[in-house]
Amino acid sequence: MREHYNLFILWILSFLWISVMSLECGEVPEKKGYTLTCPVNTAVLQSITWQVWSVNQYHEVITCFADGNVTVTVDGYRSTGWPSCNLTILSLNRNMSQWQCTWDGGQSQPCKFQVYADPEQPTCDPPQFVSSNTAVSITCQTAQIYPQGICALYNLTDMGPLGNPQIFYKYPYWLGNSQESGMQCTFEYDLNQWNEAITLVFRVGMKALVNTNETYSGNVSLTLQYPDSELDGDCPQDYIMPGSPVYCTCKLRRPGLPPGNAYWLSSSALRYPTFASVNNSRRLEIFFDPTDINPKFTCSSNSSVFQHKNPVFYEPKFAYGPDKVTLEALTSPILRFSDAPLSVKMLCKVPFSQVRPDVSISAYVSPSTSGLTVDPVHSDGQDYIASINLVPESPGAYNVTCVAQNTKFPTLTALSNLVVQIFGGSAHVKVNTTGSTERNLCSSVPVSCYVMASGVYPGTLCSIYANSMLLQSRTSFERDVSFPLTHNFEPPLSGEYKLECVVININTSETLGRDRIKLTISGGSCDVNAMAIGLGAGLGGVVLLLAIVVVLFVVWRHRRIVTKKRDTQTVSFSVGDSKVKVIVQKNVPVEMKDGYKAMSEPPPDYFIQQNYDTLSYIGSSVGTASTGVSSVRNSGNDQEDEMYATLEEYINPVDLKKAYTTK
């Protein structure tokens, strides 16, 4: 009997173990009711307790006792009581999804529900072209889905799902957070697989788990269209100005989807970029190419998916030029206003090859004058030519401008300048002094020159002169000017002065105006200092004059003593390398102690006696009046004897008394 009892207990325990291990909760929608049964035989038990996992531990919710009592710890839960003790969850919460039941000395395997929340009605944004318009992007979202969500894009055109989508969450999901979470998913659909216009219809399906029901969005439609181009009505058939904002518009009659572009193709296969959008179409600009004055263009359109197959052709006519104009003077452009005839003739030329279709020529001058005339344009076979004549009305610099204009587009112009210079002008001059025009030498004279110049080009030079001596000057480059010019004149000497003010043209030196007055300066007396200086100068002059007289008298007296008129001869000769000059006097009486007596002329004391006899003389003896030395100048007449032969003889005459030896 005891063995049978033990076998029965083992059978009961194994049944309980298998029952606990087989507890399953499954996938349950959130906020739905659910009933759990604790798989245990209550015949041998006293109580059963249901627990839920929350905040990192299990919490008792409800307890059933064998005596039939039920204790509810947390509201929102019910039980059928003993013996089954089933647990009824009125509203399943994602944050209280793990349960277990316990009994006397045992517990079940935890049961965890897969709680989910089905998506609310999904909505989708309008499709957007992406990836350079080669694909379309469709974004859909829902405000509620749990725990993760799955999206799928369906093309209703062929009713086929499109692979695995990319999933985005609107709100992040956190374990234990009861907040409703949303989701957003975006799909890109490749359009390159289509080569014809077609309407595509899409919808998106969403579900919380793989095995749950799917909720669908509304349909999203997209119609693919060819872009279609055409010429606008503004395409000119007449000449077109190069560089203008619009010449011809190649517009999109239909922009197409995805959006296309209209463009021009030239004969050289150059594409011109779009520069504006008008009425949902593209307008393109054609630029003038001077290397191709007769271009051909094609108006076409395309998109990232389609190419327009029916282009439109256009051949514009471009106007151009002139690019260069020359203005040359036939007569001198530099004249005096007093010249006659006062006119400058010019020619304005524009080459034929620079203009299409035609050119007009005009001219203007600055400053303005009525003396400018322009003849009609004519041609010499190579150039357009217009004759221009300028007759200046007054002096000045005239900037003459020749303007060549395209007859179709006058804003296409070329300019050339020539400066004509007409020198001249006039001036009124008045010179004056402060006070009387009769002054003494010791006073200065303030001189004022008042100038009023008009119509002067390029400028004036005003100068004050005193007897042609420049005292003061001023230069002005103003056309019309008035000014005073002053100077404090200090006369250097007494006498009459002509004070003159002259205004001339600084370029031509032509006199524009002058005025003069006379000023008389007398000697007069000055102040004390001036008188002292004059007196000192006078005394000094007298002393100097007396000194000169004394010197002259001494010199004259000395000369009178030693240079009385004598009957002498001057003899010059050479001795070796030396030159000797001798003055020889005839026999003269010599004053002696006992009276006068004649003495014969001795030989010079600087000759050797024996050599003296060998000299050749002119005359009979040394004592004659014609004594001399051969090869030497002999001055033998009475007139020459009265003069000195050299300057040294005049300054240092020979004392004849010392030249002789007295015996």
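This is a predicted model: local features need pLDDT of at least 70, side-chain atom pairs count only at pLDDT 80 or more; totals for chains, interfaces and linings use all residues.
User: Why is Arg253 called exposed?

Analyst: Exposed means over 50% relative accessible area. Arg253 has a relative accessible area of 52%, and therefore counts as exposed.

User: What makes Glu230 partly exposed rather than buried or exposed?

Analyst: Buried requires under 20% and exposed over 50%, with partly exposed in between. Glu230 is at 22% relative accessibility, so the label partly exposed applies.

User: How do you know that the side chains of Glu230 and Arg253 meet in a salt bridge?

Analyst: The cut-off is a side-chain nitrogen of Lys or Arg within 4 Å of a carboxyl oxygen of Asp or Glu. For Glu230 and Arg253 the N to O value is 4.0 Å, and the pair therefore counts as a salt bridge. Glu230 lies in strand E22 (residues 228–231) and Arg253 in strand E24 (residues 250–254), 23 residues apart, and the pair links distant parts of the chain.

User: Why is the contact between Glu500 and Arg514 called a salt bridge?

Analyst: The closest N and O atoms of Glu500 and Arg514 are 2.3 Å apart. The limit is 4 Å, so this pair qualifies as a salt bridge. Glu500 belongs to strand E46 (residues 495–505), while Arg514 belongs to strand E47 (residues 511–522).

User: Which residues do salt bridges that share partners join into one network?

Analyst: Asp228, Glu230 and Arg253 are joined in this way. In total, the structure holds seven salt bridges.

User: What makes the pair Arg94 and Glu30 a salt bridge, and where in the chain do the two residues lie?

Analyst: Their N to O value is 2.6 Å, and the cut-off is 4 Å, so the pair is a salt bridge. Arg94 sits in the loop between E7 and strand E8 (98–103), and Glu30 in the loop between strand E1 (27–29) and E2, 64 residues apart. Both Arg94 and Glu30 are buried.

User: How do you know that E6 and strand E7 pair?

Analyst: Pairing requires at least two bridges. Three bridges join E6 to strand E7 (residues 87–89), so the two strands pair, and they run antiparallel. Arg78 stands opposite Thr88 in E7.

User: Why are strand E2 and strand E6 called edge strands?

Analyst: The open sheet of three strands has the order E2-E7-E6. Strand E2 (34–36) and strand E6 (77–79) each pair on one side only.

Conventions
Residues are numbered from 1 along each chain as its sequence is written. Side-chain values use heavy atoms; hydrogens and water are left out. Helices (H or I, at least four residues) and strands (E, at least two) are DSSP runs, numbered from the N terminus. Buried means under 20% relative accessible area, exposed over 50%, partly exposed in between (1.4 Å probe, protein chains only).
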